[in-house]
Amino acid sequence: MSDALSRPSRRAFLKGSAAMAAGTVAGAAAAQSGPDPLITELQDWASYTGAGVDETPYGMPISFESHVVRRNVEWLTASPISSINFTPIHALEGTITPQGCAFERHHSGAIELSKQDYRLMINGLVDRPLVFTYADIERFPRENHVYFCECAANTGMEWAGAQLNGAQFTHGMIHNMEYTGVPLRTLLKEAGADISADKWVYVEGADASSNGRSIPMEKALDDVLVAFKANGEALRMEHGYPVRLVVPGWEGNMWVKWLRRIEVVDGPVESREETSKYTDVYEDGTARKWTWVMDAKSVITSPSPQMPITHGKGPLVISGLAWSGHGQITRVDVSRDGGITWETARLGKQGDTKALTRFYLDVDWDGAPMLLQSRAMDETGYVQPTKAQLRDSRGENSVYHNNCIQTWYVNEQGIAENVEVS
Amino acid sequence: MSKSPNPLWPALGVTGIVLGAAYGLSTRGYKAQEADMALAQAQAAEARVVEQAAANEGLQAQIAAVQEEARARVAELEARPVALSLTAPAPERDGAFGLGRAAHAEELAAWDVDVLPDGRGLPEGAGDVFTGEEVFAAKCASCHGDFAEGVDNWPVLAGGFDTLADKDPVKTVGSYWPYLSTVWDYVHRSMPFGEAGTLTADETYAIVAYILYSNDLVDDEFELSSENFAEFEMYNKDGFVIDDRPDREYADWSAEPCMENCKDEVKITMRSVFLVSEPPEGGTESVMNHARDQLDSLPSFTADGPSHVAAVTQAAATTPAVQPAAVEAPEEDAGAELVAAGEKVFKKCKACHQVGQGAKNKSGPQLNNLIGRTIGSVDGFKYSNVFKAAMEEGRVWDEASLAAFLAKPKEYMKGTKMSFSGLKKEADIEAITAYLASFGEGS
């Protein structure tokens, strides 16, 4: 316990103990000295019958994956009711986040609001103030889009240096889902809204915090969705069931959950969440507001502190995620030496606009220590900055919008740690 | 429209060059002895021009025919959308879909309560600092402190002036919030935590007046009202600029990035402060990383690779195998339904109280083993005087006393810090008592 890096991960331990339990020597398959009893001996699962259909009408991950869950860090906030937890991005692959492990952020807790009790009001500078039921929403033409939702505070602790040891905790305030919803412009036009460019749309939730945000009309008419499904199924309670707002590429706080009211106004409301929170102070004491877009960012999810290299030298998949609120990810570079040399990574597939893109660098690891970094570029040509560049630009008093290049130190044992480098 | 290459265009280009050459020859001046020859050549060229023109007409006709065919082909393809992508944005209508219904005036009045920076949206009313202090003590102080100084991790509302340019600025209502409308609107709609939407307009004016007073922004005679609201200017009203990343950063950060020899040497300057472990029951446990100061043993990096392999102590520390605790099957007795109902009622209390395994003191004490427990006896919780007195008297929570307290907290325990106004339904009290009793000793 004296050295952080000598501490085997729980995952590595479980893997080892499972192998021991099976009566084999823990180690890579290549090190197997004799015939593997998992193959030569008849195993229970190959002889007895398994679970019948309907044993779990709504399936949960198999018990071996029970550690892949959202986790919070209790001391970060005063109460779990007004708090946040983190998506286990280190243990996920591809780009879609399953709803059950997608991070939660509530201001007054997640509420149980049924479709029957759901009402959506649209009022303000409109010809016809309207009230919709849930059933009404489902009768408007709908669209499907994959978008990431990132809390503006994601990586916020890291402004103060390397803090929490794990990609889940440094970068896990993000999820990426396929949403089904009605374009907000459709509802605005339904009510005969004044959609001139100097107007704003104020949106608020039905929960006790009634979290409200002001959105300029240009964005409201562009790609904002009034969504009622995610990844093909109903939204989860914790993500705003039955209806939430999806504001692609913009900070998660604007994605109002349990959406109950849309008001067309002649200026921003300047609510708590857009003045006292979600603003950042520069070194001279002035603060920035309306920092809506989430700039291009990336992180290597494996290897990472929760995902050490357990297989020794040889073929290694370096896997990570990149995203940009300005559009598509066009390129990701990976460095293994702390930013001296960069190699262009392979994109898992061409990224959707304002959605997570998976990248890979497939290498032969020689067993030497590495300083792993990734650097995303988006369709505007923007290059993800270093932490030093961000601090030079904004000072050190920011809380939000930290999209710095992250560094993992991987030692010769394959154990990774969150570090900051020169 | 047609994107298919037309093979006839190069031929037409050659014709054009020939025509141009012939024209040039026919107009340029030459010496006398060469004139006849030139004339003959010109005549021959002219004859060729006529010939070429005739051929050219033939080409033009062919081009027109091919282009026509191409246009027809494109039109045919466009008429068969199956050959193209079928995706399309959701259709819109010029008029409305006719869905939804008109909102009633009462509905608009109930939900459209936000307040704009110029004060539009404020209801009539007033409240002074003195009243505000009382309301604040009863409804806000359990989290925000009697002087708006904040309890535990709950927000500090007062002070912090002239700290915004410091490291770790203290951002309070007084030092940071640019608009008074934001305070009024937030308090009125979203506070108190756990009982949002219950404050009257006058109570809200009074609380806001008290918050201003606690920030030394008004004197103790001050009354805030719908009349003088718009006149009040906040301390930090000019403290904000609109997102300037496009000018400040985007241009500078959009150059082609360096790929090789980007730095001479890279050193690790900081190690993770907190190590985080992941208990099987969920959540995290984080401890300080005691190795975080050990930077010298770690390698530095150059283009040649790491300087050395760190001397890592083989502590071989393993996390003990922790199996997920067996989930005890809930007893399906007659009270189970009541307990379940009580769990729902307990949502009203969760903002401040925890109960169950690992319950800790929050704004309110933890509630395990509540029935039968001496009033005001939880270790480490700072009770109000009325609870301290009850403890000294040895009073004990039983179902009757709990019911009386939950019905009217402030009457039963005069001076309690608990901001909850009470449970109105007897069924709720019965249910929550059953629920809390299920976390009793031996349960």
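Leaving aside its neighbours within four places in sequence, which residues is Ser79(A) in contact with? Here are my notes; keep in mind that this is a predicted model.

1. Let me start with that serine. Beyond its neighbours within four places in sequence, Ser79(A) is in contact with Trp154(B), Phe193(B) and Ala351(B). These partners carry the chain letter B, so to speak of Ser79(A) is to speak of the A/B contact as well.

2. As for where Ser79(A) sits, look in the loop of chain A between helix H2 (37-40) and strand S1 (83-84). Buried or exposed, then, is Ser79(A)? Ser79(A) counts as buried because its relative accessibility is 4%, and the cut-off for buried is under 20%. The side chain of Ser79(A) also has a polar atom 3.0 Å from the backbone nitrogen of Ile81(A).

3. Now the whole interface between the chains. Chain B puts 110 residues in contact with 125 residues of chain A. About 10100 Å² is buried between the two chains, and carbon and sulfur atoms give 54% of that area. On the chain B side, the residues that lose the most area to chain A are Leu99(B), Trp111(B) and Trp253(B), but together they make up 9% of what that side buries.

4. Which elements of chain B supply at least two residues each to the side that touches chain A? Among the helices are H3 (105-111), H6 (180-190) and H8 (245-250) of chain B. Among the strands are S1 (101-102), S4 (240-242), S5 (268-271), S6 (274-277) and S8 (301-302) of chain B. H6(B) gives the largest share, five residues. Sorted by class, this side of chain B has 57 nonpolar, 24 polar and 29 charged residues.

5. Within chain A, the division is into domain 1 (2-47), domain 2 (75-288) and domain 3 (297-418). The centres of domain 2 and domain 3 of chain A, taken over C-alpha atoms, are 27 Å apart. Between these two domains, 45 residues of domain 2 are in contact with 39 residues of domain 3. The area buried there is about 3500 Å², with 53% from carbon and sulfur atoms. In domain 2 of chain A, His90(A), Trp159(A) and His171(A) lose the most area to domain 3, together 22% of what that side buries.

6. The polar tally for that domain pair is worth a look too. Three salt bridges cross the interface of domain 2 and domain 3 of chain A. Separately, Asp223(A) and Lys354(A) join their side chains in a salt bridge at 2.8 Å, N to O. Polar contacts between domain 2 and domain 3 of chain A number 27 residue pairs, both residues at pLDDT 80 or more.

7. Last, the elements on the domain 2 side. Strands S5 (143-150), S6 (174-183) and S13 (280-281) of chain A each supply at least two residues there, and so do helices H4 (167-171) and H6 (217-222). H4(A) provides the largest share, five residues. By class, the side of domain 2 that touches domain 3 in chain A has 18 nonpolar, 16 polar and eleven charged residues.

Conventions. Residues are numbered from 1 along each chain as its sequence is written. Chains are lettered from A and ligands numbered from 1 in the order in which they are written. This is a predicted model: local features need pLDDT of at least 70, side-chain atom pairs count only at pLDDT 80 or more; totals for chains, interfaces and linings use all residues. Side-chain values use heavy atoms; hydrogens and water are left out. Domain bounds come from an automatic or database domain assignment. Contact means heavy atoms within 4.5 Å. Buried area is the accessible area (1.4 Å probe) that two parts lose on being put together, summed over both. A salt bridge is a side-chain nitrogen of Lys or Arg within 4 Å of a carboxyl oxygen of Asp or Glu. A polar contact is a pair of N or O atoms within 3.5 Å; within protein, one must be able to donate a hydrogen and the other to accept it, and residues adjacent in sequence count only if both atoms are side-chain atoms. Helices (H or I, at least four residues) and strands (E, at least two) are DSSP runs, numbered from the N terminus. Ala, Val, Leu, Ile, Met, Phe, Trp, Tyr, Cys and Pro count as nonpolar, Asp, Glu, Lys and Arg as charged, and the others, Gly among them, as polar. Buried means under 20% relative accessible area, exposed over 50%, partly exposed in between (1.4 Å probe, protein chains only).
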